[in-house]
Amino acid sequence: MSSAADPACIFCKIIEGKIPSRKVHEDEELLVFHDIHPWAPVHFLMVPKAHVPSLAQVGPEHEALLGRMLTLAPKLALQEGCRPYPDGGYRVVINTGAEGGQEVRHLHVHVMGGPRPWLKG
Ligand code: AMP
Ligand code: ZN
């Protein structure tokens, strides 16, 4: 399930430019911006421009989108300062639902990296 912007959704507001963000990457399908409360020296969020509430709502129509997000993540991680695999690296996390730790109900991929210790994670 995906739909037009949800007026109550903070990430839709960021995508529409109504709330500012520190942008990492933008294309026709995706917006990537720095997390406002980073857990790690590098911490950005990758969000589809379409309002998909979570990973629980994805279907076959999202396969290409999810593939693009996961193939773009390593490139942007290095661009943003993560050191290369295997000594460097990063965590890629998709919190899903309340018990999965999801707070913002717009599908997003966390990419976290940089020297440890981290604040969390
Ligand atoms: P989650 O718990 O997986 O839903 O993560 C939501 C993330 O969005 C948290 O890490 C927040 O710090 C981040 N966040 C919330 N509001 C903003 C914002 N206005 N700009 C950037 N990141 C945000
Ligand atoms: Zn949204």
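For the counts used below, Ala, Val, Leu, Ile, Met, Phe, Trp, Tyr, Cys and Pro are taken as nonpolar, Asp, Glu, Lys and Arg as charged, and the others, Gly among them, as polar. The model is predicted.

**Exercise 1.** Describe the shell of residues around ligand 1 by class and by the elements that supply it.

*Solution.* Begin with the classes: the shell divides into 7 nonpolar, 7 polar and 2 charged residues. Next, pick out the residues that come nearest, which among the 16 around ligand 1 are D35, E103, V104, H108 and H110. Finally, turn to the elements: α1 (10-15) and β2 (30-34) each supply at least two residues of the shell, and α1 gives the most, with 3 residues.

**Exercise 2.** Find which protein atoms lie within 3.5 Å of oxygen atoms of ligand 1, counting N and O atoms.

*Solution.* Take the backbone first, where an N or O atom of E103 lies 2.7 Å from an oxygen atom of the ligand. Then take the side chains: an N or O atom of N95 is 2.8 Å from a ligand oxygen, and a polar side-chain atom of H110 lies 2.8 Å from an oxygen atom of ligand 1. Taken alone, ligand 1 exposes 510 Å², of which the protein buries 87%.

Notes
Residues numbered from 1 in each chain as written. Chains lettered and ligands numbered in written order. Predicted model: local features only at pLDDT ≥ 70, side-chain atom pairs only at ≥ 80, totals over all residues. Heavy atoms only, no water. Near = heavy atom within 4 Å. Polar contact = N/O pair within 3.5 Å; in protein donor to acceptor, adjacent residues only side chain to side chain. Areas by Shrake-Rupley, 256 points an atom, 1.4 Å probe, with all protein chains shown as cover. Helix = DSSP H or I, 4+ residues; strand = E, 2+ residues; numbered from the N terminus.
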